[in-house]
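Please consult the sequence and the coordinates alongside the text.

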Amino acid sequence: MKLLVVEDESKMADYVRQGLMEAGFIVDLARNGLDGHMMAMNERYDLIILDVMLSGMDGWRILQAMRASGVQVPVLFLTARSSVDDRVRGLELGADDYLTKPFAFSELLARVRTLLRRGNAPTHHDRIQIADLELDLARRRATRAGRRINLTNKEFALLELLARRRSEVLPRSLIASQIWDMNFASDTNVIDVAIRRLRAKIDDDFEPKLIQTVRGMGYTLDIPDEG
Amino acid sequence: MRDRFTLFLRPASLALRVTTLVGIAMTVVFLVFNWISVRSLERHFAEMDQDELGVVSASVIRALGEVHSGADETALYHAVRGHHGVYYYVADAAGNTLYAAAGGPDLSRLVAHNDPVDLAGKREMTIWQEDGKFYRGTAVRVEGNAKGGGRTYVVAVAMNIGAHLAFLGSFRRMQWWAASIVMSIAILVAWLAVQWGHHPIRRTNAEIRKISSSKLDLRLNPADVPIELEELVASFNDMLARIEDGFVRLANFSADIAHELRTPVTNLTTQTEVALGQPRSAGEYREVLYSNLEELGRMSRMISDMLFLAQTENDRGNLRLTDVDLGELVKGVFEYFEAWAEDRRVSLQLLGLAGPVRADREMLLRALSNLVSNAIRHTPLDAAVTVKLVQDMSITTVTIENPGERIPAEVLPRLFNRFYRVDPSRQRKDAGAGLGLAIVKSIVEAHGGFVQVRSDDNSTIFTIVLPSPRGRDAV
């Protein structure tokens with residue numbers, strides 16, 4: 001997967017590139033609007049991360065130029081202003097998602113993966129299996145080591161989210177938004193409680209432990225690395 | 001171009017308006033007055049002339065009698081002594097001229113054109129012009145009686161009214177002159193009056209000029225201005241109060257931000273410096289980074305919250321209004337907090353029903369979620385948070401009640417202030433940045449509602465009051 005990051009704040013650009021590269025993407029970096037425009041028009045990318053405030057040519061114009069010439073690559077735009085106008089404008093111009101600064105890198109990564117997945121045909125499995133955990137998505141049943149586990153609707157939805165996005169770090173805000181439709185940061189530890197309850201059902205009595213806490217970032221579900 | 005355009009569109013000046021109106025009013029008054037006085041003068045002259053002609057015709061008729069009786073053949077010639085500018089004419093029934101005064105108008109024409117009446121003075125008299133002179137006259141038929149020898153005569157009398165007309169003419173001219181002068185004076189006075197009348201406005205303006213951003217506490221005294229300006233001054237003072245309020249809040253806001261950011265920045269700096277002070281294991285570095293990350297996460301949440309607050313307060317038109325089912329919204333909030341509340345052995349219950357309200361769903365959800373999480377946090381073990389919905393014609397009320405300690409009365413009004421925490425010592429771990437209730441307030445107020453809190457020994461109740469859709473329509 002090849003991404004283009006157009007960002008003129010150099011420290012931020014470097015870290016975003018590094019983070020994305022370490023997450024397994026190939027990343028090109030444009031440090032001003034004109035370069036960004038040129039690269040977006042001439043190369044093929046799977047996704048473009050576009051800052052709105054750029055020197056040379058702002059993100060809106062790059063987006064506009066791309067869409068006008070039929071470049072349909074998904075665009076995630078970054079804005080320092082969270083006004084509704086900005087969001088509406090971006091989405092009207094054909095952006096696919098936005099993030100308001102300050103944001104957490106894990107949030108950016110999660111959004112990037114969501115957008116990339118949206119492009120491909122969504123994997124509509126009926127079953128997901130991770131180690132000895134099995135999810136029957138059609139019947140909304142979970143079993144671990146052959147034992148049926150009783151989950152509430154929300155617990156199942158949470159498990160399904162983690163399982164579908166196996167090995168991705170899901171920030172708490174993304175979980176809150178996807179499972180409970182709460183699209184704002186909460187200063188409670190609601191998500192931690194929900195995860196703890198889920199763990200009690202699917203991990204406590206079993207090995208290996210699948211749900212992992214990534215400190216400061218969120219949760220992920222995967223078979224833990226050996227060692 | 002635009003300047004010229006606005007010049008044309010600009011409303012006429014007050015001085016021009018008042019002066020023009022006074023001018024028009026004066027002109028109308030003068031025209032009416034002029035018409036009435038000229039008309040009454042004309043009527044007066046007409047009556048005078050009529051009287052005189054009546055006397056003349058009577059003398060002529062008497063003279064006719066004398067001629068007929070033979071007493072005085074020449075009586076007709078000096079029948080009208082002493083009347084100047086009066087002419088008469090006598091004819092018999094067949095139309096033969098018996099007498100025509102010399103020098104006057106041709107009265108035979110008057111007789112021919114007007115059917116003579118029986119007695120003078122009982123009809124409108126004719127006015128005509130002849131040889132550049134104006135005459136008023138009439139023709140009378142005199143039926144012969146014993147005195148007149150049974151014959152019928154036609155008598156025409158006329159008088160030169162040139163003097164009257166000349167008088168009327170000079171009267172009119174004089175009136176026009178007088179009117180022009182009086183009107184000029186009146187308009188000048190009106191203009192001066194307007195200037196004088198505007199003096200308080202200019203003075204008020206000078207006072208307003210004195211108000212700079214550092215003197216926003218200045219107010220105009222409504223008692224110092226004429227009564228017409230009192231409301232304007234009051235409105236201006238109100239506006240000033242709002243600006244001052246906003247200004248003060250903005251200043252406080254900046255101070256708050258600086259203050260609130262200082263603590264976490266100090267933490268981060270200290271932590272990082274100490275960590276770098278000596279070589280450590282990778283595990284220890286990781287620990288520091290994690291800790292920094294948590295601190296930064298809090299800062300970033302706080303910044304987002306403050307931006308949200310600033311936006312909600314400054315841009316109230318930005319709501320995406322839809323019909324929101326409050327019951328469904330509260331259930332969603334409960335579902336979210338259920339596990340957390342259960343963990344704290346707090347139960348959640350919803351009472352009452354409400355129809356849909358016009359609201360920004362996302363924002364209202366945020367407000368409710370803040371209040372519910374706040375309530376759960378302050379509820380003792382094994383107690384319940386109760387959300388109650390009540391709707392009537394004009395308002396929809398949501399109350400969020402939790403049992404718990406009394407919040408001191410003096411603290412209650414400050415609860416909705418930014419960064420206010422009841423217990424400053426426990427500001428970090430559990431409670432947020434102290435923006436939750438400020439956000440609730442700004443959201444509810446953006447919806448045209450208000451939020452209240454009351455607290456007694458047993459419980460604390462937050463109340464959100466929103467205008468009901470029907471109530472709002474009626475406004």
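## Basis and overall make-up

The structure is a predicted model, and every value given here is computed from it.

Chain B contains 10 helices and 12 strands. Of its 475 residues, 38% are buried. Among the contacts in chain B with a separation of 6 or more, 65% are between residues 24 or more positions apart.

## The interface of chain B and chain A

In the contact between the two chains, 30 residues of chain B meet 26 residues of chain A. The size of an interface is often expressed as the accessible area lost when the parts come together. For chain B and chain A the buried area is about 2600 Å², with 55% of it on carbon and sulfur atoms.

Seven salt bridges are found across this interface, together with eight residue pairs in polar contact, both residues being at pLDDT 80 or more. On the side of chain B that touches chain A, the elements giving two or more residues are α6 (282-314), α7 (326-343) and α8 (361-377) of chain B. Of these, α6(B) gives the most, with 10 residues. By class, that side of chain B has 10 nonpolar, eight polar and 12 charged residues.

Two of the salt bridges between the chains may be described individually. Arg215(A) pairs with Glu287(B), with the closest N and O atoms 2.5 Å apart. Glu342(B) pairs with Arg197(A), and here the closest N and O atoms are 3.0 Å apart. Glu342(B) lies in helix α7 of chain B and Arg197(A) in helix α8 (residues 190-202) of chain A, so this pair joins two chains. Glu342(B) is partly exposed, at 45% relative accessibility, and Arg197(A) is likewise partly exposed, at 25%.

## Aromatic pairs

Over all chains, the count of aromatic pairs comes to 10. One of them is formed by Trp180(A) and Tyr336(B), an edge-to-face pair with 5.5 Å from centre to centre and 65 degrees between the planes. This pair joins two chains, because Trp180(A) belongs to helix α7 (residues 172-180) of chain A and Tyr336(B) to helix α7 of chain B. Both Trp180(A) and Tyr336(B) are buried. An aromatic cluster is made up of Trp180(A), Tyr336(B), Phe337(B) and Trp340(B).

Within chain B, the ring centres of Phe45(B) and Phe167(B) are 5.8 Å apart and the planes stand at 90 degrees, so this pair is edge-to-face. The two residues are 122 residues apart and link distant parts of the chain: Phe45(B) is in helix α2 (residues 14-69) of chain B and Phe167(B) in helix α4 (residues 162-209) of chain B. Phe45(B) has a relative accessibility of 9% and therefore counts as buried, whereas Phe167(B), at 42%, counts as partly exposed.

## Salt bridges within the chains

The structure holds 38 salt bridges over all chains. In chain A, Asp222(A) and Arg166(A) meet through their side chains with an N to O distance of 3.0 Å. Asp222(A) lies in the segment after β12 (218-221) of chain A and Arg166(A) in the loop between α6 (153-164) and β10 (170-171) of chain A, so the pair ties together parts that are 56 residues apart in sequence. Asp222(A) is buried, with a relative accessible area of 18%; Arg166(A) is partly exposed, with 36%.

In chain B, a salt bridge connects the side chains of Arg358(B) and Asp323(B) at 3.5 Å, N to O. Strand β8 (residues 357-360) of chain B holds Arg358(B) and strand β6 (residues 321-324) of chain B holds Asp323(B), so parts 35 residues apart in sequence are tied together. Arg358(B) is partly exposed at 33% relative accessible area, while Asp323(B) is exposed at 52% relative accessibility.

Elsewhere, Arg127(A), Glu134(A), Asp136(A) and Arg139(A) are joined into one network by salt bridges that share partners.

Glu260(B) is located in helix α5 (residues 227-276) of chain B. With a relative accessibility of 9%, Glu260(B) counts as buried. Not counting residues up to four places away in sequence, Glu260(B) touches Met302(B), Phe419(B) and Arg421(B).

Ala15(B) is in helix α2 of chain B and is buried, at a relative accessible area of 11%. Its contacts, leaving aside neighbours within four places in sequence, are with Trp191(B), Val194(B), Gln195(B) and His198(B). The C-alpha atoms of Ala15(B) and Ala193(B) are separated by 9.0 Å, although the two residues are 178 residues apart along the chain.

Technical notes:
Residues are numbered from 1 along each chain as its sequence is written. Chains are lettered from A and ligands numbered from 1 in the order in which they are written. This is a predicted model: local features need pLDDT of at least 70, side-chain atom pairs count only at pLDDT 80 or more; totals for chains, interfaces and linings use all residues. Side-chain values use heavy atoms; hydrogens and water are left out. Contact means heavy atoms within 4.5 Å. Buried area is the accessible area (1.4 Å probe) that two parts lose on being put together, summed over both. A salt bridge is a side-chain nitrogen of Lys or Arg within 4 Å of a carboxyl oxygen of Asp or Glu. A polar contact is a pair of N or O atoms within 3.5 Å; within protein, one must be able to donate a hydrogen and the other to accept it, and residues adjacent in sequence count only if both atoms are side-chain atoms. Helices (H or I, at least four residues) and strands (E, at least two) are DSSP runs, numbered from the N terminus. Ala, Val, Leu, Ile, Met, Phe, Trp, Tyr, Cys and Pro count as nonpolar, Asp, Glu, Lys and Arg as charged, and the others, Gly among them, as polar. Rings of Phe, Tyr and Trp (its six-membered ring) pair if their centres lie within 6.5 Å; planes under 30 degrees apart count as stacked, over 60 as edge-to-face and the rest as tilted. Buried means under 20% relative accessible area, exposed over 50%, partly exposed in between (1.4 Å probe, protein chains only).
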